[in-house]
Amino acid sequence: MKNKKRHILFLLFISSISIYSQTSEELNNYVQSQIGIQNSHLFNGKTYSNNYRVLSTKNQFLNESLNYSKGAIVTQGILFNDLELKYDVFNQELIIKPDPETSHLGIIIDTTRLNSFKLFDTTFINLKSGSIDNGFYESAIDLPKIKLFIKHRKNKIKKLDKKTIHYEFENKYEYVLYTDFDYKLADTKENWIKIYPDFKKEIKKFYSSNKTLEKLDKTAFMKKLTFYINTLNKQ
């Protein structure tokens with residue numbers, strides 16, 4: 001009888017190890033299945049309506065994609081995978097397709113409860129701070145002492161063609177650093193020098209040496225500068 005009890009306890013012990021050895025993604029998937037995405041608050045928003053007629057590929061969506069794409073959301077600490085999403089950058093609205101098989105209308109997600117979302121292999125974090133505009137920022141570089149976030153925006157351009165009004169949208173980006181426990185705007189050389197006055201000489205030299213890159217690809221320039229500053233910090 002004692003051996004039988006020991007056997008049962010051993011099996012329970014092995015079972016508990018198996019449960020705790022699951023990845024966080026597996027656990028989140030389990031929680032998601034128990035809650036049921038249809039019963040969550042994700043579909044409590046208003047129906048999305050696209051009010052802009054665009055004749056070119058320069059639309060208001062992330063990656064200029066008019067179609068829904070597979071993505072993920074973290075809301076109130078719970079991960080929801082394999083969702084049909086698209087992001088209206090101009091209106092800063094994340095849209096979900098409730099039922100990929102039957103639904104034709106998208107629902108705007110209540111972003112106040114969202115921690116983050118991932119779309120096109122890009123993670124967006126919902127930042128809340130008094131020193132920057134609140135909202136979703138791309139997590140571009142995540143290092144222990146310095147983090148680079150990118151705010152995606154779109155400029156709307158009104159077009160008139162044969163008495164027909166239509167629109168085009170141009171990408172615009174804002175750059176924010178998280179360092180010394182605060183978020184700081186880092187769009188210009190002056191911003192960077194203000195954040196890192198001890199590296200004033202190095203920052204000026206970097207801007208001078210990378211003028212072409214800054215002009216052609218500002219995001220690549222900012223990423224390169226972030227890694228450079230991180231190297232200087234280590235020294």
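## A helix across the sheet

Contact means heavy atoms within 4.5 Å.

Before going on, a word about the model: it is predicted, so local features need pLDDT of at least 70 and side-chain atom pairs count only at pLDDT 80 or more, while totals for chains, interfaces and linings use all residues. Residues are numbered from 1 along each chain as its sequence is written, and side-chain values use heavy atoms, with hydrogens and water left out.

## The sheet itself

How many strands does the open sheet have, and in what order? There are 10, in the order β4-β3-β2-β1-β5-β6-β7-β8-β9-β10, with antiparallel pairing. The edges belong to β4 (107-108) and β10 (182-185); each has a single partner strand, so one side of each is left without a neighbour in the sheet. Two strands count as paired if DSSP finds at least two bridges between them.

Now zoom in on one pairing. Strands β1 (residues 69-75) and β2 (residues 78-88) run antiparallel and are joined by 6 bridges. Look for Ile-73: its bridge partner in β2 is Phe-80.

Ser-116 has its place in strand β5 (residues 114-119). Is Ser-116 buried or exposed? At 13% relative accessibility, Ser-116 counts as buried. The cut-offs are under 20% relative accessible area for buried, over 50% for exposed, and partly exposed in between (1.4 Å probe, protein chains only). Leaving aside neighbours within four places in sequence, Ser-116 touches Ile-73, Val-74, Phe-124, Ile-125 and Phe-136.

## Rings that meet

The whole structure holds 16 aromatic pairs. One of them is Phe-206 with Tyr-228, which is stacked, at 5.4 Å centre to centre and 20 degrees between the planes. This pair links distant parts of the chain: Phe-206 is in helix α4 (residues 200-209) and Tyr-228 in helix α6 (residues 218-234), 22 residues apart. Phe-206 is buried at 7% relative accessibility, whereas Tyr-228 is partly exposed at 28%. The rule is that rings of Phe, Tyr and Trp (its six-membered ring) pair if their centres lie within 6.5 Å; planes under 30 degrees apart are stacked, over 60 edge-to-face and the rest tilted.

Elsewhere, Tyr-52, Phe-90, Tyr-167 and Phe-169 make up one aromatic cluster. Lys-86 is worth a look too: its charged end sits over the ring of Phe-61, 4.8 Å from the centre, and over the ring of Tyr-68, 4.7 Å from the centre. A charge sits over a ring if NZ of Lys or CZ of Arg is within 6 Å of the ring centre and within 35 degrees of the ring normal.

## Salt bridges

A salt bridge is a side-chain nitrogen of Lys or Arg within 4 Å of a carboxyl oxygen of Asp or Glu, and the count comes to 8. One of these joins Asp-133 and Arg-153 (3.1 Å, N to O). Asp-133 lies in the loop between β6 (122-127) and β7, and Arg-153 in strand β8, so the pair ties together parts 20 residues apart in sequence. Asp-133, Arg-153 and Glu-174 are linked in a network of salt bridges.

Lys-147 also forms a salt bridge with Asp-142, their closest N and O atoms being 2.4 Å apart. Asp-142 is exposed, with a relative accessible area of 52%.

Conventions
Helices (H or I, at least four residues) and strands (E, at least two) are DSSP runs, numbered from the N terminus.
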